[in-house]
Amino acid sequence: MLIKKIIKKTGLHRPLKKINSIFFRGEVKKRMAAAKAGGTIAIPKTVIFEPTVRCNLDCQMCYQKKERMSRGKELSLKEIKTIFSGLKRDYGIKEVSLIGAEIFMRTDLTEMLNFFKSIGLRAYLATNGTLINETNVEELKKLKNISGIGYSLDGKRELHNRIRNRKYAFDRLLKAIALTKKDFSLTVNTVVMDENVDQLTEVGQLVEELGVPNYALQFEMWSSEKELADSQKLFGCQSSDFAVSVKENSAYDFDAKKIISILAELRKIRGLTVVIQPGLFEKYPDYYLQGNLRQKVALYCKDIDAVRINARGELIFCPFIKKSFGSLLENNLGDIWNGFDFRDFRARLLRANLSPICKRCCRFGNE
């Protein structure tokens, strides 16, 4: 800690940060080159886990509704322990990000988190906040392995409740923030949509007033029928292998100038760190909003550096491309991760400069 303070005080952190950034970019290029060539790549140390497809809200921009209707089997706690014990033992994973649907729909969530703690895993929680209460917050405090909590807030009370389709969504979320802000690192996330773009500055001000230091924006994502069909053709997948909202309008009602202006206003709020995803939006704002970034810029997908496991224990690629590459109850992660099917998928994705359904995604990286 003392060394870090000295480095920061002397200004050495700036060149060190630059050197680290250059090294990181170089490593990313090597990994993407290997993946593009259909080669093997190292298994990441962080796992993204979707423990359930259930949710208590009905958000208008949700892309998981079709998947949620089909439900399907969810891993039991025993099966989760089996999978993650193996991942920790064989691959040295360090952290798991729990993401939904709504993770607190699982009544065994606290027991699951206790297990992760017992094998030395940190856990990040993404939640709508409406199921957090005094009881489960006290249980979370005891764990000491929660690296952070991400909440979703899409407008002021009336608009947020309308977008989330529940009258209680806003007030319960604010209560959850109040219960957790002193003991956990918090981030509030907003999906930028035509409906809420005029409230973003006010939402950012509210986030700061609530005592949350981190505010992240991501654009609403949807695909047209043609984009979905072209993506199916690219990967040789079925429509059931995708989780996307289908809309035929191809553009947002707002333009890049408006979003840049909003970001400038948000960044004037003292004590609030504001990011927008993808970061490439700020470099190529018009290309991104017009949906032609793939045609203009060499890209890669950050999800190539993520192990993602669905509620059935299958290895999948991302929140939108849900094709199963194999069950971790039946197969070794290394055999799936660097098996032919997954290597071929990654190569097709990168050779095509990502897929048509990727064009509004927040996970772009720039080669």
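## Burial and overall dimensions

In this predicted model, 52% of the 367 residues of the protein count as buried. The accessible surface comes to about 17,800 Å², and carbon and sulfur atoms account for 51% of that area. Taken along the principal axes, the box filled by the C-alpha atoms is roughly 55 × 50 × 45 Å.

The secondary structure consists of 15 helices and eleven strands. The radius of gyration is 21 Å, close to the 21 Å that the globule rule gives for 367 residues, so the protein is as compact as a globular protein of that length. Among contacts between residues at least 6 apart in sequence, 74% join residues that are at least 24 apart.

## The nine-stranded sheet

Nine strands form an open sheet with mixed pairing, and their order across the sheet is β7-β6-β5-β4-β3-β2-β1-β9-β10. The edges are formed by β7 (273–277) and β10 (315–316), each of which pairs on one side only. Strands of a sheet pair through backbone hydrogen bonds, in either the parallel or the antiparallel sense.

Strand β1 (residues 46–49) runs parallel to strand β2 (residues 95–98), to which four bridges join it, and within this pair V47 stands opposite V96 of β2. Strand β1 also pairs in the parallel sense with strand β9 (residues 307–309), here over three bridges, and the bridge partner of F49 in β9 is I309. Elsewhere in the sheet, β5 and strand β6 (residues 214–219) are paired in the parallel sense over six bridges, with F219 in β6 as the bridge partner of V192.

## Surroundings of N189

N189 lies in strand β5, which covers residues 186–192. Its side chain is joined to the side chain of Q218 by a polar contact of 3.5 Å. Leaving aside residues up to four places away in sequence, N189 touches G150, Y151, S152, L153, D154, A216 and Q218. Among these neighbours, A216 and Q218 have numbers that fall within the range of strand β6, residues 214–219, while G150, Y151 and S152 have numbers that fall within the range of β4 (146–152).

Helix α10 covers residues 225–235, and its buried residues are E227, L228, S231 and F235. Seen down the axis of α10, these buried residues fall within an arc of 100 degrees, so they line one face of the helix. An α-helix has 3.6 residues a turn, so residues three or four places apart point the same way.

The buried residues of α10 pack against α15 (340–351), whereas the face turned away from the buried side carries the exposed residues K226 and K233. Helix α10 is followed by G236, whose phi is positive, near 65 degrees.

Most residues other than glycine have a negative phi, and most peptide bonds are trans. Against that background, several loop positions of the model deserve a careful look. The peptide bond from G100 to A101 is cis, with omega near 15 degrees, and A101 is found in the loop between β2 and α5 (109–118). The peptide bond from Q277 to P278 is likewise cis, with omega near 5 degrees, and P278 has its place in the loop between β7 and α12 (285–290).

Positive phi values in residues other than glycine include that of K144, where phi is near 65 degrees, and that of N165, where phi is near 60 degrees. K144 lies in the loop between α6 (134–143) and β4 (146–152), and this residue is exposed, with a relative accessible area of 67%. N165 is placed in the loop between α7 (157–164) and α8 (169–180), and N165 is partly exposed, with a relative accessible area of 39%.

How values were computed. Residues numbered from 1 in each chain as written. Predicted model: local features only at pLDDT ≥ 70, side-chain atom pairs only at ≥ 80, totals over all residues. Heavy atoms only, no water. Buried < 20%, exposed > 50% of the residue type's maximum accessible area, 1.4 Å probe, protein only. Helix = DSSP H or I, 4+ residues; strand = E, 2+ residues; numbered from the N terminus. Arc of directions from axis to C-beta. Contact = heavy atoms within 4.5 Å. Polar contact = N/O pair within 3.5 Å; in protein donor to acceptor, adjacent residues only side chain to side chain. Pairing = 2+ DSSP bridges. Rg over C-alpha atoms; globule rule 2.2 N^0.38 Å. Areas by Shrake-Rupley, 256 points an atom, 1.4 Å probe, with all protein chains shown as cover.
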